[in-house]
Amino acid sequence: MTISTDAAADRFGPLPARPGKIIAIHLSYASRADQRGRRPEAPSYFFKPSSSVAASGSTIERPAGTELLAFEGEIALVIGADARRVSMDDAWRHVGFVTASNDFGLYDLRANDKGSNVRSKGGDGFTPVGPALLDAAALDPGELRLRTWVNGVLAQDDTTAGLIFPLTQLVADLSQHFTLEVGDVILTGTPAGSSVVVPGDVVVVEVDAPALGLSTGRLVTTVTQGSASFDPALGSLPAVDDTQRAEAWGSREAAGLSPAAADASAAASVLSAGLREKLERAPVAGLSAQLRKRGLNNVTIDGVRPMHAGTKIVGTAKTLRFVPGREDLFQSHGGGYNAQKRAFDSVAEGEVIVIEARGETGSGTLGDILALRAKARGAVGIITDGGVRDYDTVAGIGIPVYSAGAHPAVLGRKHVPWDLDVTIGCGGTTVQPGDIVVGDGDGVIVIPPGLAEEVVDAALAQEDEDAYVADQVSAGHPIDGLFPMNAEWRGRYDAWRAQK
């Protein structure tokens with residue numbers, strides 16, 4: 001059975017009535033999870049206001065001052081019978097209809113709406129549905145297809161066989177938390193292919209059951225440019241960084257960003273267990289000498305000292321950038337789920353958080369809560385050329401920290417958290433995501449991953465040589481001819497190594 005209405009006459013399209021609840025899932029398709037590099041163990045959800053619903057043929061406005069409006073073609077389920085604590089086996093009986101939907105999102109507002117998506121996905125027209133309803137009783141929930149086109153080009157093509165969580169699981173899961181009432185709508189997630197659209201683009205979504213020849217018809221939405229801007233006196237302003245651009249477009253390449261800095265975790269694979277073990281044995285001074293022999297002099301992070309004596313860190317760089325404090329920019333970038341919080345919340349095991357604070361010591365750049373989060377995530381250390389708040393408490397947490405010292409002031413006194421996973425400057429040297437970072441009592445050095453094996457092997461060989469020289473000096477031999485070695489001593493050393 002197919003039910004259709006005049007979309008132009010009803011802003012709620014084919015829905016039986018204005019929905020009491022619209023529930024959307026964050027991540028549900030395997031293709032999307034693979035694209036994002038993370039797969040949830042269980043579904044998680046957010047609500048959208050019913051005022052966001054629009055009919056096929058409607059327009060969606062991209063607000064002034066924003067750039068990252070993204071489409072997400074989805075299958076929408078319309079509840080046909082109240083459901084409370086229903087089983088998966090019984091769940092589909094409570095679904096009345098299936099239709100097409102588009103879960104539009106504005107990534108410019110996403111940072112301060114972490115998880116809730118209230119503003120980033122709740123705008124007027126951000127949930128078009130339709131144009132027709134399919135009777136759920138006639139459908140197999142495991143054999144539905146979803147396709148999305150942008151300006152006539154196919155962008156998404158997947159089926160419910162590709163879901164991590166089947167449609168019946170979503171209905172049953174939600175019903176154990178609250179009653180799903182007649183007319184409620186569940187947006188069941190989007191597959192890979194979601195990306196950014198701009199004014200003038202036309203997005204089309206269709207859901208069908210190919211085996212049955214049934215279709216919702218094509219849900220059409222046109223993007224327009226808005227003229228109204230957001231009032232900074234009322235709330236946080238739109239703000240984007242390269243992480244949001246990459247997620248909105250679908251990849252760094254699609255967003256026009258360099259893939260080299262895309263993913264610190266990919267670079268972390270360069271740091272194998274064997275290489276890490278050798279770097280843990282090699283002193284920073286020795287590594288510095290070997291880098292200098294290869295023409296790299298500007299690789300030390302200057303002006304930072306370890307909190308704990310005897311500290312040694314080896315890891316790959318997870319970068320965070322602060323810009324100089326400015327009140328209007330802190331208002332738009334400093335609150336909510338800002339770049340600083342996102343960096344500490346996403347640092348991977350084996351990474352070192354490296355913070356660009358421009359050598360400004362007049363405020364803290366992290367405190368005890370963030371240090372705890374970094375330790376819980378498996379970070380091997382934190383390096384900042386700025387100050388640390390809650391210094392004694394942070395020291396007690398035990399995660400290795402290199403900093404310019406203690407300062408009691410909060411971040412906003414001197415800094416605005418601006419971006420993460422980008423090339424930064426810390427302590428006078430350039431640090432890229434994925435660079436290898438080694439620290440000990442002498443300081444911190446940055447090693448390009450491609451040189452790490454060569455440099456550490458040379459440094460350890462030099463350590464053996466220096467240990468031999470020290471033994472000879474301790475035995476009473478003069479330094480002349482021994483340090484550095486002349487031909488005679490070199491021969492003795494080579495013979496000693498051969499026996500060893």
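Predicted model: local features only at pLDDT ≥ 70, side-chain atom pairs only at ≥ 80, totals over all residues.
**Confidence.** The mean pLDDT of the chain is 90. Of its residues, 96% reach 70 or more. Residues 1-9 stay under 50, and the model gives them 17 contacts beyond four places in sequence. Residues 260-265 are also below 50, with ten contacts beyond near neighbours in sequence.

**Aromatic pairs.** The structure holds two aromatic pairs. Their geometry is listed here.

| Pair | Centre to centre | Angle between planes | Class |
|---|---|---|---|
| F47 and F178 | 5.9 Å | 40° | tilted |
| Y468 and W496 | 5.0 Å | 45° | tilted |

F47 lies in strand β3, while F178 lies in the loop between α3 and β14, so this pair ties together parts that are 131 residues apart in sequence. F47 is partly exposed, at 47% relative accessible area. F178 is partly exposed too, at 23%.

The pair of Y468 and W496 links helix α12 to helix α13, with the two residues 28 apart. Y468 has 6% relative accessibility, so it counts as buried. W496 has 28%, so it counts as partly exposed.

**Helix α13.** This helix covers residues 487-499, 13 residues in total. From first C-alpha to last it reaches 19 Å, close to the expected 18 Å. N486 caps its N-terminal end: a side-chain oxygen sits 3.2 Å from the backbone nitrogen of E488.

**Strand β11.** In a regular strand, side chains alternate between the two faces of the sheet. In β11, A132 and L134 are buried on one side, and L133 and D135 are buried on the other. Strand β8 runs antiparallel to β11, joined by two bridges. F97 stands opposite D135 in β11.

Definitions and conventions
Residues numbered from 1 in each chain as written. Heavy atoms only, no water. Helix = DSSP H or I, 4+ residues; strand = E, 2+ residues; numbered from the N terminus. Expected span 1.5 Å × (residues − 1). Polar contact = N/O pair within 3.5 Å; in protein donor to acceptor, adjacent residues only side chain to side chain. pLDDT = per-residue confidence, 0-100. Contact = heavy atoms within 4.5 Å. Buried < 20%, exposed > 50% of the residue type's maximum accessible area, 1.4 Å probe, protein only. Pairing = 2+ DSSP bridges. Phe/Tyr/Trp six-rings, centres within 6.5 Å; stacked < 30°, edge-to-face > 60°.
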